[in-house]
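Student: Hi! Could you walk me through the sheets in this one?
Tutor: Happy to, let's have it on screen.

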Amino acid sequence: DYMYRVRMALKGCDLTTCHKPNDLAVSGVTPYGATLSWSNNNSSTTTYTVINMADSTVVSSSVSAGSFDITGLTPETSYAFGVYANCAADDSSIVATVTFATPATCVVPSSFACGNITSSTATLSWSDNTNTGATYTIFDMSDTSVLATGLTGNTYTVTGLTPNTDYTFGIVANCSATDASSVVTVSARTSCVPETLPFTED
C-alpha cells in the first residue's frame, strides 16, 4: 500500500483533499489598505483563513466569501499575504500567496524636466501625480537650499545661474503641512556666454 501511494504521487496524481484557492489577486491598493480576491477550488470549503506572511499572523480565520479587505497597512511598504481553504476541522489546504506594495500618501511629481536653458536661467516643468490641491517646493540640490515654495502651477523658471555650470534641481509635492512626497531630481548645464572679441580692421 505504501509503494502504491508513492507511485501515485510520482505519476502526478493529486492526493490532496483540500485544494488551495485559485487566482489569488490584489486590487484597490491604497496607502492604508487593499482587497484580496480568489476563487474556490473545493466543493467542501467552508471558510478561508487570511494570513500576513511576514510573521504568519492570522488576519482572519472565518472568511466565507472569495474576497477580503485588508486595513491598517503602512504607506510605502511591501507586503505578502496568504489565503488557505478550510475544508473541515482537520483538513486545510496549502497557502496561496500574493505580494504588493502600498503607495505613498503624497505621490512624487512625474515628468520632472529642465528646458529653455540659457547661461543664467532654466525652466523646470512637471506633472501633478494625482495629488489634489498640492503645492510644490523647488530645491538647489547642491546645498538643498529652497529656490521656491508654495508653487501651484507646473512650471518654474530658475534665475541667477552661473554660465557653463552643472546644476541639479529637486522638487517635492506638499499635500499638507505634515505630508510631503519624496524628492525627484533633474540635472542640467547652463550655456556659455559668447565672448565678444575686440574688432580690428587691417
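Tutor: One definition to start: two strands count as paired if DSSP finds at least two bridges between them. Also keep in mind that this is a predicted model.

Student: Got it. What order do the strands take in the sheet with β9, β10 and β13?
Tutor: The order is β9-β10-β13, in an open sheet of three strands with antiparallel pairing.

Student: And which strands stand at the edges there?
Tutor: β9 (110–115) and β13 (155–158) do. Each has a single partner strand, so one side of each is left without a neighbour in the sheet.

Student: How much twist is there from one strand to the next?
Tutor: In this sheet the twist averages 15° from one strand to the next.

Student: How many bridges join β9 to β10?
Tutor: Four bridges join β9 to β10, residues 122–127, and the two strands run antiparallel. Within that pair, Cys114 stands opposite Leu124 in β10.

Student: Switching topic: what about β1, β2 and β5, which order do they form?
Tutor: These three strands form an open sheet in the order β1-β2-β5, and the pairing is antiparallel. Its edge strands are β1 (22–27) and β5 (67–70), each pairing on one side only.

Student: Over how many bridges do β1 and β2 pair?
Tutor: β1 pairs with β2, residues 34–39, over four bridges in the antiparallel sense.

Student: Which residue stands opposite Asn22?
Tutor: That's Ser39 in β2.

Notes: Residues numbered from 1 in each chain as written. Predicted model: local features only at pLDDT ≥ 70, side-chain atom pairs only at ≥ 80, totals over all residues. Heavy atoms only, no water. Axes fitted to C-alpha atoms, helices over the stretch in contact; angles between N-to-C directions.
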